[in-house]
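I set down what I looked up, entry by entry.

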Amino acid sequence: MPDPRVGSARRRPLKIGVQLPEVEREVRWPEYLALARRSEELGYDSIWVGDHLLYRREGDPEPRGPWECWSMLAGLAAATSRVELGPLVASTSFHNPAMLAKKAATVDEISGGRLILGLGAGWNETEYRAFGYPFDHRIGRFEEAFTIIRTLLVEGAIDFQGIYYTARDCELRPRGPRPAGPPILLGSSGERMLSIGAPHISAWNAWFADFDNRPEGIAPLRERVDAAALAAGREPSAIERTVAVQVRLTGGVGRIQGDFAKHVPTPLEGPLEVLAEGLRAFAREGIGHVQLVLDPISVASIEEFAPVLAELDRG
C-alpha cells in the first residue's frame with residue numbers, strides 16, 4: 001500500500017498506527033476527534049476503529065458497546081488530512097455486502113484515498129443475536145460477501161446470486177477516488193479464510209493475542225500467509241503483513257477489550273529504546289504496519305509514545 005506522505009525523508013522501518021478506543025470506557029466524539037488529530041500531528045501513520053456492536057461478559061457490571069464503525073470513520077476521514085484509516089476489521093456479517101462496498105467507496109472519497117478496508121467474518125455471538133444477524137456459516141457468508149465487495153470496488157459492477165447474498169445487476173456509482181478501490185486487509189489467520197482472501201488482498205492482519213504479542217510468535221503465521229499466497233499464484237511479498245501490538249504506558253492497568261482470549265499476553269513496555277527496539281523486531285519479522293493497542297488509550301498516551309516514532313525515524 002502506498003505511503004500517503006510522498007516525499008517524506010523518514011527512515012521508519014514500519015508504519016505505526018493507533019487503535020482508537022472501543023469499549024474501554026464511554027468515549028464521546030470530541031475525544032475521538034482529539035485522539036485522531038493529535039495522532040496525525042505527531043506523525044503516526046494510521047488510525048483504526050473496531051466494528052462491533054455489543055459485548056456482554058461474565059463479571060462485567062453492565063454491557064459495553066462502541067459507536068457505529070462507518071459513521072465514525074466518515075467523521076474521522078473528514079477531520080484529518082494525512083493519516084490512513086480503516087476498520088480493524090469490518091465484520092461482513094453486519095452489513096449488506098453491496099452497501100459495505102458503497103460505504104467503503106464513500107469513506108475513501110471523503111478521505112481523499114486514505115482508507116484501508118479491513119474485512120473479517122466476525123466472532124462475537126452476543127452481538128449477532130442481539131442485532132438479529134445469523135451466526136451460522138460465517139465463513140461461507142464471508143466468501144460471498146467478499147466476492148461482492150471486492151468486485152464492486154475493483155470493477156464497479158457485479159451480477160451475483162449466492163446462497164446467502166444477492167446483488168443482481170449492481171453497480172457502484174460514483175466510483176471512489178482510486179480506480180481499483182481501497183486496499184483490502186484480511187483480519188484472519190484461518191486456512192479457509194486465507195484461501196478466500198489470498199488471491200485478492202493487499203494486506204493481512206493478526207491480533208496481538210494470536211502471536212502472544214511477541215515478534216517470536218510471527219513466524220508460524222507468516223508461513224501460513226506465505227503458503228496461501230503461493231497457492232493463489234502470488235508472490236508472498238505481494239501481501240503486506242500487519243499486526244496489532246499491545247503497549248503499556250504510564251497508568252496502564254490492562255486495557256479492557258471485547259476479545260475473549262484465554263491467555264493475556266505480556267504487553268510491550270519499558271523506556272523509549274526498549275519500545276523502539278521491540279517494534280524494530282517486528283519489522284525484522286516482515287511486519288510492515290502495526291496498530292498500537294495503547295494501555296491506556298488517551299491523548300496523553302499518544303503523546304507519551306510519540307518520541308518512539310522519532311527514534312524509529314532515525315533508523
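Entry 1, a loop leucine. I located L268 in the loop between β10 (240-248) and α8 (272-284); helices (H or I, at least four residues) and strands (E, at least two) are DSSP runs, numbered from the N terminus. The model is predicted, so local features need pLDDT of at least 70 and side-chain atom pairs count only at pLDDT 80 or more, while totals for chains, interfaces and linings use all residues. Residues are numbered from 1 along each chain as its sequence is written, and side-chain values use heavy atoms, with hydrogens and water left out.

Is L268 buried or exposed? I recorded it as buried, because its relative accessibility is 15% (buried is under 20% relative accessible area, exposed over 50%, partly exposed in between; 1.4 Å probe, protein chains only).

I then listed contacts (heavy atoms within 4.5 Å). Leaving aside residues up to four places away in sequence, L268 touches N213, V245, Q246, V247, R248, V274, L275, G278 and L279. L268 and L279 are 11 residues apart in sequence, and 9.1 Å separates their C-alpha atoms.

I paired rings of Phe, Tyr and Trp (its six-membered ring) with centres within 6.5 Å; planes under 30 degrees apart count as stacked, over 60 as edge-to-face and the rest as tilted. The count came to 8 aromatic pairs. F142 and F146 are stacked, because their ring centres are 5.5 Å apart and their planes stand at 20 degrees. Both lie in helix α5 (residues 138-155), 4 residues apart, about one turn of the helix. F142 is buried at 0% relative accessible area, and F146 is buried at 1%.

I also noted that ring pairs link F94, Y128, Y133 and F135 into a cluster.
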